[in-house]
Every structure is written in C-alpha cells, then in structure tokens.
Amino acid sequence: MKNNKSYHKASKKPYRGNYRVFKNRSGNAKKSNLLAKIQQGYRDRSRKDIKAWRDALALAESKEEQNLQPLIDLYEELLLDAHLHAQIQLREESTLSRNFFLSKDGEKEEEATKVFKQPATRQFIKLAMEAIFKGDTLMELEEVTDKMISNFLYIPRENVDTAKKKVYLNPDKSKFIQYDSEGYKPWVIEITSPVTLGLLNKVAPYVIWKRNAMQAWAEYTDIFGIPFRHATTNAKNQKELDQIETMLREMGSASYGLFPLGTEVKIEGSQQPDAYKVFDMMVQRANSEISKAINSVTMLSDNGSSKSQSEVHERMQERLRNSDGQFIKEVINYKLLPLMAMHNILPEGLEFDWDNTQALTKEKQWEIVKELLNTHEIPSEWIS
C-alpha cells in the first residue's frame, strides 16, 4: 500500500500518512506506531490555584472546542501529592491483585487463561483503572507476536477527542487521525470513564488547598520557628556595617536584620500557643476528603477509632472493589477479548470473570472437620 504523506491543514481532513499493517516472515501482525505520530508537548509545572482549576475545567467542558491540555497538566501536578498517590495505588492494587479466569459456555478454559495471563494484560487493567481517575482513555496495541501482545501504548488524553473519535497530532489540531476508521479499529481500544473527567477532578480543590496550607505553614515556620536575630549599631562606616552583616549571615539560617540605633523591630505572630494547628487541621481535613473521594473511607490509610467502625469501612471498601471489578470485567469482555480474537490470540466466545474462591487456613479447615466428625465418619487417612 502506497503511503500518502501529504497533510490536510486547511480542510482538517484525517491524516493518513505512514499508516501500515503488514505481516512479517513469521506471519505476525505489526503496524506503525500511532503514538509516534503525535508531536510531544510540554507539561505546565507552574503553581496551581483554584482559579487555574476552574479555568481548566471550563475549557475541558467546552461544547464548542474542548481543550483538555490545562486540566491534564493540572492532574499531573496533583499526582505529585504523596497522600493522593497512595490512595490511588491502594485502590488500583485492590483490583490488580485479584485472580481471574476465562470460561466458555460455563466451563473454565485453562489453556486460554494461561495465554491471557501475559504481562500486557496487567498493563491493560492498570490503564483501564486509570480511566476512573483521569477520564476517558485511548490505548493501542503496539505489536502482536506469537499470540503475545508486546505492549499497550497509552495515547495522551490531551490529544484525544472521544466524541469525534479523533487523535490530534499537533497542538493547533490541524492534523489528526480518525481512529474509528477501519484501518485503526483492530489496534485501538477506547475506554469510557465511569466518572466524567475522572475522580481527580473531584479532589483537585482539596489538593490545592492542602498545598497552600502547607506552603503557608512552611513560611510560618521559617519566620517563627527559629528566633529572629537582629543587631543594633550606631556605626556609620560602610566597612563596619558590612562586617556586622557578614557575621549575622554566617551565624545560621534564621532571618536577621541590621538596623540603626533606635530602630524598633516587631514581628507580629499569632497569640495562640498552638497556631500550627490552623495549618495541621487544614492538611488533615484535606487528606480526609481525598481519602473519601478515592476509596470511600478513611480508615484504610488514616487512624480509626473502633472495631465496629473499621468493619463498616471494610464492607464499604468491598463494595467499591466489586464495583471496580465489574467495570474491568465489562471492559475486558466487550473490548479486549474481541480484539484478541480478531488477532487470533484467543478463540471467540470466551468470557472473563474474577476468581472469588478463597483458600482456607489449616486452622479453619480443622474447625470444619471437627464439626463434621460429630455427624459423619471421616477416614483418618483423609484427615492426615
């Protein structure tokens, strides 16, 4: 197939250059990389405030010309927060650590399950889970070799318009690929987030307020945490003044000042002995709201108060785990498995499900056996 390398800028037609699907000598399907066609941009790492979040949200929700770039930049900045990162990791691992199997007509397919349990499958589930936090996700298969998927490539969200099924290749959106065309369908998977724009949009203000509180706390500590040093002198000789200032500077990291004789210096601070609690409680409340938004509960990572309360939280966490499991199950059954069948990795008609069986401890097994001994005769050989 001859490649058409011309770009259509004025009319904004889909870019079809450099696309190819071919068979190598072993008959494995390969294609050119969609991700490689996208011009790499830069992340905005400037300090964010509530206005920046609201402006980014307005652009992301625009009906005329959606622009996700500012919101995605904000998300990447929010993810530097350690507490938020830990909460997301906790929720993701709750699903990633589960066992699963493939079945057909109600019967487990052991061989198919072994093929499905390849490294790319875990990567796919992780990318699918990210859709919950970051919004709609588009990914593509990099290569299929001997029934193995080499990699799933994540297409940057700021370059994707899922409503129009377009991947924009440059910042001004003059070049794009229509990824729902027949040529790309066998290689891309679109995942719709169950939360519009992702859960990070809901926790964004709390992370921003938390950062502002911690920044103010750091400034407070800098001013009031270490005693202020000052020197009063009636010297007017510049050399002597420079010597005094040098000595003050080399005495430590605390703030210092050099003032003429008669100067009165006052540093006004809070009269409360526990003024730090203003900042500390703000940080704690922000962390609590983040925990509830991501994991529905706080006791998984924060301090709890009672056993009964922890049991309630565990049940809530289990419901959330089941909800995530159902989401991933539907994505795999309706998106991934049909694509793997299309590439002859797995046969058609398979169904994915989670393995909810639990292995009993020896102590629990013995308790069951003791109960059975009261009503049944059990051979000693079986018990041993």
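These legends go with a handful of close-up views of a predicted model. Numbering starts from 1 along each chain as its sequence is written, and side-chain values use heavy atoms, with hydrogens and water left out. Since the model is predicted, local features need pLDDT of at least 70 and side-chain atom pairs count only at pLDDT 80 or more, while totals for chains, interfaces and linings use all residues.

View 1. Helices here are DSSP runs of H or I with at least four residues, strands are runs of E with at least two, and both are numbered from the N terminus.

**View 2. A salt bridge between K210 and D81.** The structure holds 14 salt bridges, each one a side-chain nitrogen of Lys or Arg within 4 Å of a carboxyl oxygen of Asp or Glu. In this one, the side chains of K210 and D81 meet at 2.9 Å, N to O. K210 belongs to helix α6 (residues 200-225) and D81 to the loop between α2 and α3 (82-96), so the pair links distant parts of the chain, 129 residues apart. Both ends are tucked away: K210 is buried at 6% relative accessibility, and D81 is buried at 7%.

**View 3. K173 and E65 across two loops.** The closest N and O atoms of this salt bridge are 3.7 Å apart. K173 sits in the loop between β10 (166-168) and β11 (176-178), and E65 in the loop between α1 and α2 (69-78), 108 residues apart. K173 is buried, at 15%, whereas E65 is partly exposed, at 43%.

View 4. E111 and K114 pair up at 3.9 Å, N to O. They are 3 residues apart in α4 (residues 110-116), which means about one helical turn separates them. E111 is exposed at 56%, and K114 at 58%.

**View 5. Positive phi at D146.** D146 isn't a glycine, yet its phi is positive, about 50 degrees. This residue lies in the loop between β6 (144-145) and β7 (148-149), exposed at 58% relative accessible area.

Note on methods:
Buried < 20%, exposed > 50% of the residue type's maximum accessible area, 1.4 Å probe, protein only.
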